[in-house]
Amino acid sequence: MGENIPDEVMKNPALVKELADVAKDEALLQGVLMRIQESPNSSELVTYAPFTLFPSPVPKAVFLQALEVQTHFNTLVDKISQDSDFLQEALANTIEVDDFTARLFRIHQQILEEGRSQKIVLGLNRSDYMLDQRQDGTSALKQIEINTFAASFGGLSSRTPDVHRHILKVAGRPEESRQILDNNPAAGLARAVAKAWELYGSERAFVMFLVEEVQRNIFDQRYVESELWRRNIPTIRKRFDDVCGSGSLDQDKRLFVDGKEVAVVYFRNGYMPQNYTSEECWDARLMMERSRAVKCPDISTHLAGTKKVQQVLARPGVLEKFFPDQPEAVKQIRATFAGLYTLDMGPEGDQTVEMALAAPDRYVLKPQREGGGNNIYGAEIRQVLEGLKDATQRTAYILMDKINPAPVQNYLLRQGGPLTLSNCLSELGAFGAYVRHGIDARHLLPHSCHFCCILSEE
């Protein structure tokens, strides 16, 4: 929203300082919280989660585009998860060189061989975008990635609209305050989990949040838990070690952890190699996948969210395979794709390497990992690819066009950070939720924005 805030507000140091103090207090009042770094597993001391002083501007057309296409992405992810041949072909080269993806794929294969124990599928996804600036000054919505595993900030983003509404009122901008959209992803995510729990069919069974060892972002998850408790759905929080120590399957493959039957496993941990600190953790993941509990995500949906699958989907004709006779759905999805290029061995991959070496600033090199912190940019791309250009290890990566969003001036509020006017680059995230029982998927949450924004007509 920075472009809609006049300089008399944005560049008034005394007013900005006052607004920042009010914003921090309001964030604490509204529950936009994180535990502090010094004691990440205790709520005795908490702080506000990082956020911007003013909401971010989003052109109305691209915002509505993100909402409209999200149901198609839900359908796409769900169809990919059911297509074992596609996953095998898409990931064949990756699993030869990436041990983490290979371990996941072996679990996937074992589940297929044994037969799935649960026909209920729960998907909670978040598709992340940036607005690529065209030469004519217009914006194009381009997907960074789709998160099928532990998509976060549905809770905290449910509370940030009220923070920004209050700040704009205090700043004397009541019209802009009224423009901020309502946003409650936590309720929608919980509604999907609740439906899966209901379909499981046992009122005594629990929803288990499988959580990380370090839990600074616990309040984001607590919002979803709270919504479930409001529906009288019990929840528990367990780590891999808890499942290793007290988890078991009965003769009907019902999952029990610490003596409690688990209806839904909501994975908030397990998407990075370092999450599996021992072979027992891998055994626990396999046990959960083999169980009758509904998994969010199940192993197939986890694999559907890999970067390699993202790149393969951009190939001509691939989307049409999943959307036969639906050209409009294909068109809407494909419009969000940035350029995506294979690094498989062969002439096409060789061409990608040469392209990246010639102009590394135009691309992003992505490994098969969640989170933008793992991506490689600029001169480092040249350094990595010069070492791997003739090695099969390069197939562990994909190359993507670098998206170029227009920076917007704003103030970043972070505990202990300076209050400085900065050029900020924002992402737009759209949540999607679905529950499938057998063949047909029911879309429960086709869209929701994961950060606070205000629409503009530009």
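Val408 stands opposite Cys424, a residue of strand E18. In this predicted model, strand E17 (residues 408-413) and E18 are paired in the antiparallel sense, with four bridges between them. Both belong to an open sheet of three strands, ordered E3-E17-E18, in which the pairing is antiparallel. The edges are taken by strand E3 (51-52) and strand E18 (421-424); each has a single partner strand, so one side of each has no neighbour in the sheet.

Helix H2 (residues 13-30) lies across E3 and E17. The helix runs at about 55° to E17.

## Packing of H2 against H7

H2 also packs with helix H7 (residues 160-170), at an angle of about 150° and with the axes 9 Å apart. Angles over 145 degrees count as roughly antiparallel, and H2 and H7 are therefore roughly antiparallel to each other. Their crossing is right-handed.

On the H2 side, the contact is made by Leu19, Val22, Ala23, Glu26, Ala27 and Gln30. H7 contributes Asp162, Val163, His166, Ile167 and Val170. By class, the residues of this contact of H2 with H7 are seven nonpolar, two polar and two charged.

Another open sheet has four strands in the order E13-E16-E14-E15, with antiparallel pairing. Strand E13 (340-341) and strand E15 (376-377) are at its edges; each has a single partner strand, so one side of each is left without a neighbour in the sheet.

E13 is joined by two bridges to strand E16 (residues 397-401), and the two run antiparallel. Tyr341 has Leu399 of E16 as its bridge partner. Helix H17 (residues 347-358) lies across E13, strand E14 (363-367) and E16, and its direction is at about 55° to E16.

## Packing of H3 against H16

Helix H3 (residues 60-82) and helix H16 (residues 327-334) have axes that come within 10 Å and cross at roughly 105°. Angles of 65 to 115 degrees count as roughly perpendicular, and H3 and H16 are therefore roughly perpendicular to each other.

In H3, the residues that meet H16 are Glu68, Val69, His72, Phe73 and Leu76. Their counterparts in H16 are Ala329, Gln332 and Ile333. The contact of H3 with H16 has five nonpolar, two polar and one charged residues.

## Packing of H9 against H10

The axes of helix H9 (residues 185-200) and helix H10 (residues 218-230) come within 9 Å, crossing at roughly 55°. H9 and H10 are therefore oblique to each other. H9 passes H10 in a right-handed crossing.

Ala186, Ala187, Ala190, Val193 and Ala194 make the contact on the H9 side. Tyr223, Val224, Glu227 and Leu228 make it on the H10 side. The contact of H9 with H10 has eight nonpolar residues, no polar residues and one charged residue.

## The annotated domain and its cis peptide bond

An unreviewed UniProt entry places the feature "domain: Glutathione synthase substrate-binding" at residues 206-304. In the model, this span is 38% helix and 26% strand. The C-alpha atoms at the ends of residues 206-304 lie 26 Å apart.

Cys296 and Pro297 are joined by a cis peptide bond, with omega about 0°. Pro297 is in the loop between strand E12 (294-296) and helix H13 (299-304). Most peptide bonds are trans.

The unreviewed UniProt entry carries the annotation "binding site" for Glu145, Asn147 and Glu370. These residues are spread over 226 residues of sequence but cluster in space, with a largest C-alpha distance of 9.1 Å. Glu145 is located in strand E6 (residues 139-147).

Phe153 is found in the loop between E6 and H7. Its phi is positive, about 70°, although Phe153 is not a glycine. Most residues other than glycine have a negative phi.

Note on methods: Residues are numbered from 1 along each chain as its sequence is written. This is a predicted model: local features need pLDDT of at least 70, side-chain atom pairs count only at pLDDT 80 or more; totals for chains, interfaces and linings use all residues. Side-chain values use heavy atoms; hydrogens and water are left out. UniProt positions are given in the numbering used here, feature names are shortened, and annotations may be inferred rather than shown by experiment. Axes are lines fitted to C-alpha atoms, for helices over the stretch in contact, and angles run from 0 to 180 degrees between N-to-C directions. Angles under 35 degrees count as roughly parallel, over 145 as roughly antiparallel, 65 to 115 as roughly perpendicular and the rest as oblique. A crossing is left-handed if the near helix is turned anticlockwise from the far one by less than a right angle, and right-handed if clockwise. Contact means heavy atoms within 4.5 Å. Ala, Val, Leu, Ile, Met, Phe, Trp, Tyr, Cys and Pro count as nonpolar, Asp, Glu, Lys and Arg as charged, and the others, Gly among them, as polar. Two strands pair if DSSP finds at least two bridges between them.
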